[in-house]
Amino acid sequence: MQPQIILLKEGTEASQGRSQIISNINACQAIVDCVRTTLGPRGMDKLMVEAQGKATISNDGATIMKLLDVVHPAAKTLVDIAKSQDAEVGDGTTSVVILAGEFLKQMKPFVEEGVHSQIIIRGVRKATQLAVQFINEIAVKPKKDDEVELRQLLEKCAATAMGSKLINQQKDFFSRMVVDAVMMLDELLPLNMIGIKKVPGGALEDTLLVAGVAFKKTFSYAGFEMQPKQYTSPKIALLNIELELKAERDNAEIRLENVEEYQKVVDAEWTILYDKLEKLHLSGAKVVLSKLPIGDVATQYFADRDMFCAGRVPEEDLKRTMKACGGSILTTVADLGDSVLGTCEHFEEKQIGGDRFNIFTGCPQAKTCTIIIRGGAEQFMEETERSLHDAIMIVRRAKKNDAVVAGGGAIEMELSKHLRDISRTIAGKEQMLISAIARALEVIPRQLCDNAGFDSTNILNKLRQKHAQGNRWMGVDILNEDVADNMEKCVWEPSLVKINALSAASEATCLILSVDETIKNPKSGEGPAPQGRPGARRPF
């Protein structure tokens, strides 16, 4: 009798082998079922309620995946690819999850039949490589030098990205706004130079684009009403200084002999404050913004000298103002010169809805803009912000890589046909695997039909026939329950979205298929699992 060798701490769960891979695939299927119905223009929305009761309504794949509290380790990879797609391209987050789920679903029979994981992985990688190569070959590249054509291309891409969102009724209005916003940026197209602010009330069409920096009026003291609210070409001082008298620190102790000494301490404090204010006034600055509070004395002082001030400006707004108007954020007023002051063509404070906004336009330095979203409910405005984020990302990508493909399931059907044709020329197991990936790609048009309540089998048969006849860009026509040439219908997506989605989905598939054992450690610090009495029956 050999003694039993105990290798892992008691309470450790280990599961391995084929059943483990199948269990991981099943977990991923459950995740896919959560977001499956959100795909496309007729997709449904999800209402997620957090523990504190905060509700979020969204049909953005990445947002839903972030809010799902996924425990299963293998299913977390799908959450990660949705996040990476969101960060990299901005749109196609639902597609990437559905594709990964379908790849796994098609590979499940091979795993069950005992095909080795590495062979399956090799097949998936080869199929992905062929697909990406093919997308690059057939993507349409419009002329970049023609301003009008480029603008139309970007507007079409933005409208397609917003077609599946809550704001699809106003997509023409918003796609023009998003393209205007991206066109205002410089060559690098930095995302943080587009500010998005939300103001409750009004209609969605009241949303406006400010060609400059806009932020909500900050907390202000008495005397604020007397300050001018409009300037032309003002100098702007950006500070990180408190302009108010502060209470002493706790336990600060000053020993005074008489009243005159006390008066000197008080005078010194006031002198320091007035000294700062005078330097600001003499510098010629007309607008003073500070990250820290500006007190009532300072507010009154500035008002008497026809200067405008705002304290407690959020850091990101202050940084955007600095990048747009020039100048730098100062921590001392000792050396205030024109070199450290910003400027803009026009500054005004304006009422928008229930809030007042400080708006700087005609900024000389950087290209920046602010979108002020109007709308009814809080959740609605948040979803509008997420939709605009997706559209802005898409327009940025389309501007950098200008190749586009037709959306609406057209490119997936064409890839499916291409892979099926190639698979027949390959001998060996890869033939089956590439053919299975080709079948998996049809999930996108099928899901688009299912979400719109169409007969998916019928439409897919039509699509297969059209693609076999060489109609490359035929896809699902959501409006007429039929098939249509989506390139002509202007349902366009940057090819990068599809390439990224395919690569991420296949990486996730390969990762999940290559895991054949999961070991769960009991929490460290907890003692061993309680033992029953010898001979006593343990409850099962």
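Reader: By class, how many nonpolar, polar and charged residues does the lining of the largest pocket have?
Author: The lining has 15 nonpolar, 19 polar and 14 charged residues. Keep in mind that this is a predicted model.

Reader: Which residues lie nearest the centre of the largest pocket?
Author: Pro41, Thr160, Gly163, Ser164 and Val491 do. In total, 48 residues line the largest pocket.

Reader: How much space lies in there?
Author: The largest pocket holds about 970 Å³.

Reader: Which element gives the most to that lining?
Author: Helix α6 does, with seven residues. Other elements supply at least two residues each, among them α4 (93-112), α7 (171-184) and α14 (443-452). Strands β17 (474-477) and β19 (492-494) also supply at least two each.

Reader: OK, next pocket. What volume does the second largest pocket have?
Author: About 400 Å³. Its lining is made of 15 residues. Nearest the centre of the second largest pocket are Asn192, Ile194, Gly195, Ile196 and Glu316.

Reader: How do the residues of its lining divide?
Author: Five are nonpolar, three are polar and seven are charged.

Reader: And which element gives the most to the lining of the second largest pocket?
Author: Strand β4, with five residues. At least two residues each come from β4 (194-200), α10 (315-325) and α11 (378-400).

Reader: Switching to single residues. Where does Lys165 lie?
Author: Lys165 sits in the loop between α6 and α7.

Reader: Is Lys165 buried or exposed?
Author: Buried. Its relative accessible area is 7%, and the cut-off for buried is under 20%.

Reader: What does Lys165 touch, not counting residues up to four places away in sequence?
Author: Lys165 touches Asn59, Asp60, Asp91, Ser387 and Asp390. There is also Arg386, 221 residues from Lys165 in sequence. Their C-alpha atoms are 9.2 Å apart in space.

Reader: What about Lys489, where is it found?
Author: In the loop between β18 (482-485) and β19. Lys489 has 39% relative accessibility, so it counts as partly exposed.

Reader: What is Lys489 in contact with, leaving aside its neighbours within four places in sequence?
Author: Asp477, Asn480 and Ala484. Lys156 is 333 residues from Lys489 along the chain, and 9.7 Å separate their C-alpha atoms.

Reader: Helices now. Why does the span of α3 agree with what 13 residues should give?
Author: Helix α3 covers residues 76-88. At 1.5 Å a residue, its 13 residues should span 18 Å. The expected span takes one less than the number of residues. The end C-alpha atoms of α3 are 18 Å apart, so the two agree.

Reader: Which residues of α3 are buried?
Author: Thr77, Leu78, Val79, Ile81, Ala82, Gln85 and Asp86.

Reader: And what covers the buried residues of α3?
Author: The cover includes α1 (18-35), α2 (61-67), α4, α11 and α16 (495-514). Just after α3 comes Gly90, with a positive phi of about 100°.

Reader: You named α16. How many of its 20 residues are buried?
Author: 14 of the 20 are buried, so α16 is largely enclosed by the rest of the structure. Its length fits too. The 20 residues should span 28 Å at 1.5 Å a residue, and the end C-alpha atoms are 29 Å apart, which agrees.

Reader: Is Val71 buried or exposed?
Author: Exposed, because its relative accessible area is 65% and the cut-off for exposed is over 50%. Val71 lies in the loop between α2 and α3. From Val71 to Glu269, 198 residues apart along the chain, the C-alpha separation is 57 Å.

Reader: Last one. What does the domain assignment give?
Author: Domain 1 (13-141 + 405-520) and domain 2 (212-250 + 260-365). Taken over C-alpha atoms, the centres of domain 1 and domain 2 are separated by 53 Å.

Methods
Residues numbered from 1 in each chain as written. Predicted model: local features only at pLDDT ≥ 70, side-chain atom pairs only at ≥ 80, totals over all residues. Heavy atoms only, no water. 1 Å grid on protein atoms, 1.4 Å probe; cavity = no way out; pocket = protein on both sides within 12 Å on 5 of 7 lines; lining within 4 Å. Points joined across faces, edges and corners; volume = space filled by probe spheres on them. Helix = DSSP H or I, 4+ residues; strand = E, 2+ residues; numbered from the N terminus. Nonpolar A, V, L, I, M, F, W, Y, C, P; charged D, E, K, R; others polar. Buried < 20%, exposed > 50% of the residue type's maximum accessible area, 1.4 Å probe, protein only. Contact = heavy atoms within 4.5 Å. Domains from an automatic or database assignment.
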